[in-house]
Amino acid sequence: MVEADESPADACAREIREELGLSMPTGALLCVDWVPPSPPWDGGLMFVFDGGVLTPDQIATMRLCPDELDRFDFVELERRGDVLIPRLARRVAAAVTALGRGGVYLEDGTAPSTR
């Protein structure tokens, strides 16, 4: 979540620091996804930034925030549907497609022109 007076890019860097123990710059914007309300949650904008490729040293120094995460896993893109809900799987696919091409706009994980 973006805190008061914090940009989405700064929030991303902070969350990575808090949840994974890594300090790294926020890369290029890959997508903005508008998510409709789904009680008890309000709707909102989800930003996905390019995090680059983690080095073996970064992976070895990752420390999970126990209040937020209990594990992590690296999953092949083709298996995203096995571990993510459909909306998130669509968002990840769109973000990967946007690498090097500029960001995309989505609504509920789908480009409005493809609905």
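1. Helix α4 is followed by Gly100, a residue whose phi is positive, near 75°; helices here are DSSP runs of H or I with at least four residues, strands are runs of E with at least two, and both are numbered from the N terminus. The model is a predicted one, in which local features need pLDDT of at least 70 and side-chain atom pairs count only at pLDDT 80 or more, while totals for chains, interfaces and linings use all residues. Residues are numbered from 1 along each chain as its sequence is written, and side-chain values use heavy atoms, with hydrogens and water left out.

2. Helix α4 itself covers residues 86-98, and its 13 residues reach 18 Å from the first C-alpha to the last, close to the 18 Å expected at 1.5 Å a residue, where the expected span is 1.5 Å times one less than the number of residues. Its buried residues (under 20% relative accessible area, with exposed meaning over 50% and partly exposed in between, for a 1.4 Å probe and protein chains only) are Ala89, Arg91, Ala93, Ala94, Ala95 and Ala98. These buried residues of α4 pack against β1, β2, α3 (80-83) and β3, a contact being heavy atoms within 4.5 Å.

3. As for the overall arrangement, the protein has 4 helices and 3 strands, and from the N terminus on its elements run α-β-β-α-α-α-β. The radius of gyration is 15 Å, close to the 13 Å that the globule rule gives for 115 residues, so the protein is as compact as a globular protein of that length; the radius is taken over C-alpha atoms, and the rule is 2.2 Å times the number of residues to the power 0.38. Buried residues make up 22% of the 115 residues.

4. Tyr105 is found in strand β3, residues 104-107, and counts as partly exposed at 41% relative accessibility.

5. Some backbone details deserve a look. The peptide bond from Pro39 to Pro40 is cis, with omega near 15°, and Pro40 is found in the loop between β1 and β2. Asp5, in the segment before α1 (8-20), has a positive phi near 60° although it is a residue other than glycine, and Asp5 is exposed, with a relative accessible area of 86%. Asp108, in the segment after β3, has a positive phi of about 55° and is partly exposed at 24% relative accessibility.
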